[in-house]
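These are my notebook entries on one protein model. I set down what I looked up, starting with a pocket and ending with single residues.

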Amino acid sequence: MNEEYGTDMEENKTDNKVNTATQKFLTFGDRQIILVGTAHVSAESIEEVKAAVRENKPDNVAIELDEKRLASIEDPDSWRKMDIVQVLKNKMGFLMLANIILAGYQKRMGEGTGVKPGEEMAAAIHAAKKAGIPQTMVDRPIGVTLKRAWSKNSLWGKCKLLATLLGTAFVSDDEDATPEKIEELKKNNEMDSLMKELSGYLPVVKEVLIDERDRYLASKIWECKGNRVLAVLGAGHLPGVQACLEKLAEGKMTSDCSDIDSVPKKTAAAKISMWFIPLLIIALIAAGFYFGGKSKGWDMLSAWVIWNGALAGIGAAVALAHPLVILISIIGAPVTSLCPFVGIGLVAGLLQAVLKKPAVLDMENLQQDASSVRGFYKNRILRVLLVFFLSSLGSSIGTFAAGASLVASVTTFFNKIVSWIKGIF
């Protein structure tokens with residue numbers, strides 16, 4: 001770092017305050033930025049952010065929230081207005097499920113400390129308002145982050161992401177998160193270990209959830225008005241955000257985040273690939289009828305229907321869907337799998353919502369039920385999402401299994417195809 005910005009350990013002070021494990025005091029010319037790292041379910045973090053706002057008297061308080069999450073904090077009952085049918089129709093089922101799973105995981109962690117997830121952010125906002133200090137929400141919308149994590153992943157990466165989400169949703173609660181364990185999460189060595197593990201297992205997810213957000217947070221903090229800005233963010237972001245702020249100060253990085261603040265548009269190749277598998281399946285079955293006769297053709301068509309329908313039905317059954325939903329999943333999956341625009345998960349989820357309409361009580365208990373396996377099956381809203389997710393997963397697996405079976409069948413009459421081509425020429 002350039003010496004004029006004074007970011008060495010001895011020089012990096014604000015009013016004689018020195019860096020700690022959870023607070024970084026950065027000086028950039030006549031501008032000061034204070035980073036406060038928190039654990040999202042930590043009672044100590046709540047008190048720390050209150051004290052940081054009170055003692056540092058910043059011109060602006062930057063909060064690791066987006067406007068939508070801020071609205072949910074200011075109106076805790078806003079989620080009751082959710083329409084699960086519209087969620088599915090708008091193709092937001094997976095995003096909502098992922099969001100609920102992650103929120104449920106944080107809630108379970110917070111039960112051992114008596115702190116609700118995000119309470120330290122609410123405390124920072126309250127302390128800033130009480131002192132008459134403006135607040136700026138500096139995080140990227142969670143929907144954009146989750147969509148980018150999904151769209152940038154390969155098929156194998158998506159499978160691992162789904163497995164991780166399911167493991168998080170159905171993790172054992174035998175080992176409670178104690179206040180001591182939560183505080184350990186704020187230590188650099190603990191965070192480094194977690195980031196290294198995530199980077200190795202899901203590198204694209206780590207890139208989107210951590211690296212991109214470090215850059216986004218730093219850029220928005222840099223753009224905050226005022227000569228003294230205090231930023232409250234998760235402890236895991238401290239090293240990355242500090243590094244990005246130093247690059248911004250040196251002119252090595254721009255604060256323009258337009259390349260990471262939206263979901264990447266599908267390329268022409270991606271659009272073509274949407275139709276490739278359905279057309280390939282149809283071509284293989286047609287080839288079976290033409291070259292192998294009716295018997296071979298019907299065998300291949302049956303394989304497609306059985307693999308796809310059976311696994312979609314099993315997925316719906318595992319979600320304890322209504323019997324009619326299970327039947328529709330079995331019948332509909334082989335058809336919807338050939339149409340890129342309508343998946344069996346959407347059909348099954350909507351039908352489940354109609355047959356087992358969520359009640360007001362399901363809305364009221366959504367957050368509580370999302371913290372346990374039993375709750376996922378008891379709550380009708382969560383059940384709809386499970387039906388959507390597991391029937392989709394079953395159909396996807398069935399598509400690849402049936403595809404492999406069809407390809408294997410084609411090889412048995414490959415010589416006939418070769419002979420037919422030779423006959424033409």
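**Entry 1. The second largest pocket**

I began with the lining of the second largest pocket, to which helix H4 (93–111), helix H6 (142–151), helix H7 (155–169), helix H12 (268–318), helix H14 (344–355) and helix H18 (380–412) each supply at least two residues. Helices (H or I, at least four residues) and strands (E, at least two) are DSSP runs numbered from the N terminus. H18 gives the most to this lining, with nine residues.

I then looked up the volume of the second largest pocket, which is about 2,200 Å³. Of the 46 residues that line this pocket, Trp150, Lys158, Lys266, Pro340 and Ser396 are the closest to its centre. By class, I find 27 nonpolar, 14 polar and five charged residues in the lining. Ala, Val, Leu, Ile, Met, Phe, Trp, Tyr, Cys and Pro count as nonpolar, Asp, Glu, Lys and Arg as charged, and the others, Gly among them, as polar.

For the terms, I note that on a 1 Å grid over the protein atoms alone, a pocket is an open set of points where a 1.4 Å probe fits, with protein on both sides within 12 Å along at least five of seven lines; lining residues have an atom within 4 Å of a point. Grid points are joined across faces, edges and corners, and the volume is the space filled by probe spheres set on the points.

**Entry 2. Basis and confidence**

The model is predicted: local features need pLDDT of at least 70 and side-chain atom pairs count only at pLDDT 80 or more, while totals for chains, interfaces and linings use all residues. Residues are numbered from 1 along each chain as its sequence is written, and side-chain values use heavy atoms, with hydrogens and water left out.

The mean pLDDT (the predictor's confidence in each residue, from 0 to 100) is 79, and 77% of the residues reach 70 or more. Residues 1–14 have 35 contacts (heavy atoms within 4.5 Å) beyond four places in sequence. Residues 189–194 have five such contacts.

**Entry 3. The whole chain**

I count 19 helices and five strands in the protein. Of its 425 residues, 46% are buried, where buried means under 20% relative accessible area, exposed over 50%, and partly exposed in between (1.4 Å probe, protein chains only). Residues 24 or more positions apart account for 76% of the contacts with a separation of 6 or more.

I checked H5 (residues 119–130) for length: at 1.5 Å a residue its twelve residues should span 16 Å, and its end C-alpha atoms are 16 Å apart, which agrees. The expected span is 1.5 Å times one less than the number of residues. Glu120, Met121, Ala123, Ala124, Ile125, Ala127 and Ala128 of H5 are buried. Their cover includes strand E2 (31–38), helix H1 (43–56) and strand E5 (228–234). Just after H5, Gly132 takes a positive phi of about 75°.

Gly251 follows H11 with a positive phi near 80°.

In H14, I find Ile344, Leu346, Leu350 and Gln352 among the buried residues.

**Entry 4. Single residues**

Is Arg148 buried or exposed? Arg148, in helix H6, is buried, with a relative accessible area of 5%. Arg148 and Val208 are 60 residues apart in sequence and 6.9 Å apart in space, C-alpha to C-alpha. Beyond four places in sequence, Arg148 touches residues including Glu212 and Asp259.

Asn379 lies in the loop between helix H17 (373–378) and H18; I note that Asn379 is buried at 0% relative accessible area. Asn379 contacts Asp362, Asn365, Leu366 and Asp369, neighbours within four places in sequence set aside.

Lys57, in the loop between H1 and E3, has a positive phi near 45° and counts as exposed at 61% relative accessibility. Leu320, in the loop between H12 and helix H13 (323–336), has a positive phi near 55°.
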